[in-house]
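Subject: Structure handover

Hello,

Here is the structure for you to look through, with its sequence. My notes on what was found follow below it.

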Amino acid sequence: MRFRLLKKNLLALLGVCFVVVTLLFSTRVLLVNDNDTGGPSSNAVQGGQGIPSGDTVKFSFASLPELTQSVYNANYKQCVHNADKFPGEPQLVLVVQVHNRPEYLRLLIKSLEKAAEVHSFLLIFSHDYFTEEINAIVQGITFCKVLQIYFPFSTQLYPSEFPGQDPRDCPRDMSKDNALKTGCLNAEHPDSYGHYREAFITQTKHHWWWKLHFVWERVQAMQGYSGFVIFLEEDNYILPDFFHFYKSMIEFRKSSCPDCDMLALGNHNGLTDFTRLSNKVLTTGWMSTKHNIGMAISREVYYKLMGCNNEYCTYDDYNWDWTLQHLSGACISKPLKVLVAQGSRVLHTGDCGLHQKENCRPEWAAQKVEESLQTAKDGLFPPAVVLNGAEPVEHKAHMKNGGWGDIRDHILCKNYAKI
């Protein structure tokens with residue numbers, strides 16, 4: 001009996017490996033097709049200057065195979081829009097993770113357009129949902145250089161097979177005993193709480209890890225860039241002095257906090273008491289619920305995180321930020337220290353998201369932001385930052401949230417570093 005179970009598990013594991021290898025192989029094969037025999041443009045290779053604004057990858061939404069091909073072509077060619085208009089290396093790189101909330105995305109872009117010195121930015125939009133509307137919104141940006149990258153393992157591209165939701169997968173709430181009796185695909189691998197995977201739940205963590213690696217290792221325009229990369233989401237909104245305050249934090253880190261691993265330009269307190277706190281920073285240990293907005297990561301910290309590839313990809317929590325908190329002080333021996341802006345330069349406008357799909361009112365968010373900015377404008381562009389507190393830097397354990405028990409997710413996630 002035990003031999004039969006072991007044999008069954010081995011066959012299941014081999015099946016998973018076959019699926020993942022097939023996905024990875026298709027990623028490489030589709031990068032160059034019969035209609036695209038040339039390599040990246042010389043401009044893209046030489047210092048990441050990109051190609052002229054009009055030379056873009058044409059997306060086809062006519063069929064799933066054509067859309068998939070468009071995604072791989074775009075990731076291969078890496079067309080940097082407005083590169084001819086804004087030559088030279090970027091002074092700051094911002095990476096925006098985008099799903100499917102176009103109205104909030106428009107609000108973020110509106111805030112970026114108002115940011116001081118935005119012409120020196122490189123904006124990288126990382127998409128896991130692909131529509132003509134979203135592409136048009138991003139490609140309408142004219143005020144700085146823009147690059148779009150596309151998560152190639154989006155559930156949109158795999159609607160009825162892993163990493164999407166395979167109809168043969170076990171239902172979320174089925175017991176393991178019943179799952180084993182029915183023979184559904186992932187019967188052996190529920191999460192820590194006995195639940196089976198839901199593709200739409202797992203996608204964000206997959207996308208975040210793929211994006212982290214792709215930006216630092218594969219984006220040509222990042223070659224030679226030595227600054228921090230700031231990670232945003234589509235429902236964020238930045239203040240006009242965002243870059244000014246970032247530079248002040250960098251100077252403070254150099255002079256007074258060289259052991260600060262990360263920066264957090266945002267917090268979840270909105271603009272409460274902003275005028276008093278506008279020039280204040282504090283140091284503390286990185287926490288998911290406080291420091292996951294406007295997070296700035298250096299290449300050095302990226303390498304630390306990638307050293308925890310196995311731990312990130314097997315930790316049973318579907319949230320990328322709670323997983324990072326686990327890594328800080330567990331896999332990474334010294335907990336991550338963060339320099340935090342107490343007067344937030346990044347606001348969260350989203351009133352709906354992964355778990356709430358209804359009653360989304362982006363127009364209310366826009367009105368609220370504009371009203372808050374009026375009260376905060378006198379605190380913008382402080383001449384320097386001041387340390388307002390130094391909290392202990394320690395590992396803070398938490399109860400994992402589950403949703404990440406499927407071995408197929410583990411294997412695919414661990415292989416992003418090889419793509």
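Cys 170 and Cys 184 are joined by a disulfide, with 2.0 Å from S to S. This is a predicted model, so please read every value here as computed. The torsion about that S-S bond is about 95°, so this disulfide is right-handed. Cys 170 sits in the loop between S4 and helix H6 (176-182), while Cys 184 sits in the loop between H6 and H7, so the pair ties together parts that are 14 residues apart in sequence. Buried means under 20% relative accessible area. Cys 170, at 2%, therefore counts as buried, and Cys 184, at 12%, counts as buried too.

In general, a disulfide is a covalent bond between the sulfur atoms of two cysteines. The count for this structure comes to four disulfides. One of them is formed by Cys 257 and Cys 260, whose sulfur atoms are 1.8 Å apart. This link is right-handed, with 75° about the S-S bond. Cys 257 has a relative accessible area of 2% and is buried; Cys 260 is buried at 1%.

Another disulfide is that of Cys 308 and Cys 331, with the sulfur atoms 2.1 Å apart. Its torsion is about -100°, so it is left-handed. The pair links distant parts of the chain, 23 residues apart: Cys 308 is in the loop between helix H11 (299-306) and helix H12 (309-314), and Cys 331 is in the loop between helix H13 (320-327) and S10. Are these two cysteines buried or partly exposed? Cys 308 is buried, with a relative accessible area of 2%, whereas Cys 331 is partly exposed at 26%.

Next, the sheet. Strands of a sheet pair through backbone hydrogen bonds, either parallel or antiparallel. Here 10 strands form an open sheet with mixed pairing, in the order S1-S4-S3-S2-S5-S9-S7-S10-S8-S12. Strand S1 (80-81) and strand S12 (386-390) stand at the edges with a single partner strand each, so one side of each has no neighbour in the sheet.

Strand S7 (residues 262-264) pairs with S10 in the parallel sense over three bridges, and Met 262 has Val 338 as its bridge partner in S10. Strand S8 (residues 280-285) runs antiparallel to S10, joined by five bridges; there, Gly 285 has Lys 337 as its bridge partner. S10 is mostly covered, with five of its five residues buried. In a regular strand the side chains alternate between the two faces of the sheet. In S10, Lys 337, Leu 339 and Ala 341 point one way, and Val 338 and Val 340 point the other way.

Last, the cavities. The structure holds four of 30 Å³ or more.

Regards

Terms used: Residues are numbered from 1 along each chain as its sequence is written. This is a predicted model: local features need pLDDT of at least 70, side-chain atom pairs count only at pLDDT 80 or more; totals for chains, interfaces and linings use all residues. Side-chain values use heavy atoms; hydrogens and water are left out. On a 1 Å grid over the protein atoms alone, a cavity is a set of points where a 1.4 Å probe fits but cannot get out, and a pocket is an open set with protein on both sides within 12 Å along at least five of seven lines; lining residues have an atom within 4 Å of a point. Grid points are joined across faces, edges and corners, and a volume is the space filled by probe spheres set on the points. Buried means under 20% relative accessible area, exposed over 50%, partly exposed in between (1.4 Å probe, protein chains only). Helices (H or I, at least four residues) and strands (E, at least two) are DSSP runs, numbered from the N terminus. Two strands pair if DSSP finds at least two bridges between them. A disulfide is a pair of cysteine sulfur atoms within 2.5 Å.
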